[in-house]
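Trainee: I should like to learn how to read a protein structure, one feature at a time. May we go through this one together?

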Amino acid sequence: APASEGDPHPKIFIGRLIHSKSLKDLEIIPRGAIGVTTNGTIAFVDSKPATPEQLQARYASDGFAHAQVTTLTKSQFLFPGLIDTHLHAPQWPNLALGMEGTLREWCENYTDPMEASYSSTSKARRVYADVTRTTLALGSTTVAYNSSIHADATNILADCALKAGQRAIVGKMCITVGSTHGNWEESAEVSLAESEKSVRYIRSIDPEGRLVHPCVQPRGGPYCPPELMRGLGEQCEKYRTYVQAHMCETQSDIDRTLELHPAYKCYSDMYLASHLLHPRTILAHCIHLQPRDLDNLAASRAGVAHNPNSNTCLRDGDCRVRDLLDAGIKVGLGTDCSAGYMPSIHDAMRSASNVSRNLAVREGEGRYVLGFSEVVWLATMGGAEVVGMEDLVGNFERGKRFDALVVDVEGVISADAGLWDYGEGDGEAMVKKWVFLGDRTSIRKVYVDGNLVAGQDASV
Ligand code: GUN
Ligand code: FE
C-alpha cells in the first residue's frame, strides 16, 4: 500500500509554490502554504507568509489546528504532479532500442513482437510493476497508458497502477488488421469482448474512479475496420469510458486509414462517425492535420497528446502545437514510450521546447516557439485537460486533489549562482533551472491524492 506520512492527520506544506494559472501565467508564490485534508483534498492555498502556528490557528475551523506541518527548505518548491498523456506500457523493455526506422518499420520490427509477448501474464506482472513505480518516481502522478491486445495483461497494468497509488487511464489495445508478428485479434467480436472484459474489470477494482479509469483503445485507423470502430464507440458510450488512439502521425498512417475507411475524407471524420471523438478522447500525435481535423478536434473537445521525443525519433514530423492551441484545442505532453526513449514528462518539457524551436526555424515563424510558462502548462494543466481531469488535478486550487512534487534544486544550481540567499524573486530562475538542468534525483517526494507514493526522500 502507498506509504502515508503520519496519516490520518491533515497536512500543511509551507514553502515556495509554483504552478500554472493559465497558458501564459506561471504563478510563483515565494512563501505560501497549502492545506491538505485527510482524504487528499486541497482545503486552502495561502500566499501570505506565516508560521506553522499562525496557519494552524487561521485554519483551525477547517480542521487544521493539529495539522502535521512540513516546511520546505530554501532550495525546494512544490510543483503540480506531471501528467503523461500517452505511454505504451508493454513497450517498456524497448526503451532506447529501435531508433533506426520509420513508424511502420519500428512497429513491425520492434513493437509488434514485443506487444505480442504479453500473452505472458508473468511478464506483464514484472514489467508493469516497474513501469508504474518508475514513472511515479519520475513525477508522473497521472499516466494515460496504452496496453497490448491482451485483457489479462491489461488488467494487471491497472492493478499495478492502483497498487502503486498512481492516477491512470488504462484500456486493452484493439487490433484486427494491419499488424504483424501475430499482434492482432482474430475478429472484431473477439476484440470487443476482450475490451469489454477489461473495461468491466478496471471499473470493478476502483468503482468510484478514485485513481484508475478504463478506456477503449483502437490502436488507430489502419488497425480497426469500421465495424470494430463502431463497436468500440458503442462500448465507450455504454460504460462512459475514455478513448485512447493515434491520429495523423504520418502520411502513411493517414493513407492506410482512409483506405480501410473509404467513407471518410479525413482521419477525424472516421473517429467522429464512430462516436469516438468527444471530451474523454485522447489522440496521440495529430501532426499532419487537414483544416477539417482541426475543426473536429476543437468542436468535439477531444484532447491531443503531443509526443515530441517520439515524433523526433520516428521522424514523424513536427506537431504544430501553436496552431492547436490557437484553435482552442486541448494539448498535453506524452512520452509515447518506447517510440520516445525517455519516460519522463520533466524531460518532455525540454523536448517540447526544442521541437517548437526547430519548427520555428524551419517555418521562419517565431510564433511556433513555446514559451517557458507554456511548456509547464502542457506538462501539468494542459495534460489535466486532455485526460478530462482539469477540475481534479493540474495545479493548486482549493477543492482539487493534492497531486504534487517536492522538487529540490540543491545540486542542480551551483551555490554561487546567487540563488541561495534567495530573495522573493528567484523562484523563476529556480524552476527554469530545474526544468532544463534537473534530473530524477531532484524529485524528492511525489504525492498522489494526498498520499506520499514515491520520490528520492520517500521510503516506499
Ligand atoms: N501507431 C500504431 N501503434 C503505435 C505505437 O505504438 N506508437 C506510435 N507512436 N504510433 C503508433
Ligand atoms: Fe503511441
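**Reading the features**

Mentor: Let us begin with burial: Cys286 is buried, because 27 other C-beta atoms lie within 10 Å. A residue is called buried if 20 or more other C-beta atoms lie within 10 Å of its own, exposed if 12 or fewer, and partly exposed in between, with C-beta atoms placed from the backbone. This is a predicted model, in which local features need pLDDT of at least 70 and side-chain atom pairs count only at pLDDT 80 or more, while totals for chains, interfaces and linings use all residues. Residues are numbered from 1 along each chain as its sequence is written, and chains are lettered from A and ligands numbered from 1 in the order in which they are written.

Trainee: Which peptide bond is cis?

Mentor: The bond joining Cys337 and Ser338 is cis, with omega about 10 degrees. Ser338 lies in the loop between β14 (330-333) and α12 (345-363).

Trainee: How does one read a helix, and which residues of α7 are buried?

Mentor: One looks for the side on which the buried residues lie. In α7, these are Asp253, Ile254 and Thr257. Viewed down the axis of α7, they fall within an arc of 95 degrees, so they line one face of the helix; the arc is that of the directions from the helix axis to the C-beta atoms. The face turned away from that buried side carries the exposed residues Gln251, Ser252, Asp255 and Glu259. The buried residues of α7 pack against α2 and α8 (267-273), where contact requires C-beta atoms, placed from the backbone, within 7 Å.

Trainee: What span should the 18 residues of helix α5 have?

Mentor: The expected span is 1.5 Å times one less than the number of residues. For α5 (residues 188-205) this gives 26 Å, and the end C-alpha atoms are 26 Å apart, which agrees. The buried residues of α5 are Ala188, Ser191, Leu192, Ser195, Ser198, Val199 and Ile202. They fall within an arc of 125 degrees about the axis of α5, so they line one face of this helix. Their packing partners include α4 (151-164), β8 (167-170) and α6 (226-239).

Trainee: How does one read a strand, and in which sense does β8 pair with β7?

Mentor: Two strands pair if DSSP finds at least two bridges between them. Strand β7 (residues 140-146) pairs with β8 in the parallel sense over four bridges, and Ala144 stands opposite Ile169 in β8. Arg167 and Ile169 point one way from β8, Ala168 and Val170 the other way, and all are buried.

Trainee: How many residues of β15 are buried?

Mentor: Five of the five, so β15 is largely enclosed by the rest of the structure. Ala404, Val406 and Asp408 point one way from β15, while Leu405 and Val407 point the other way. β15 pairs with β5 in the antiparallel sense over five bridges, and four bridges join β15 to the antiparallel strand β16 (residues 443-448). Val406 is the bridge partner of Leu78 and also stands opposite Lys445 in β16.

Trainee: Finally, which residues surround ligand 1?

Mentor: A residue is near a molecule if its C-beta atom, placed from the backbone, lies within 6 Å of it. Around ligand 1 these include His88, Leu103, Cys107, Thr111, Arg219, Glu249 and Asp336. Helix α2 (residues 103-116) gives the most to this shell, with three residues. By class, the shell has three nonpolar, five polar and three charged residues; Ala, Val, Leu, Ile, Met, Phe, Trp, Tyr, Cys and Pro count as nonpolar, Asp, Glu, Lys and Arg as charged, and the others, Gly among them, as polar.

Definitions and conventions: Helices (H or I, at least four residues) and strands (E, at least two) are DSSP runs, numbered from the N terminus. Two residues are in contact if their C-beta atoms, placed from the backbone, lie within 7 Å.
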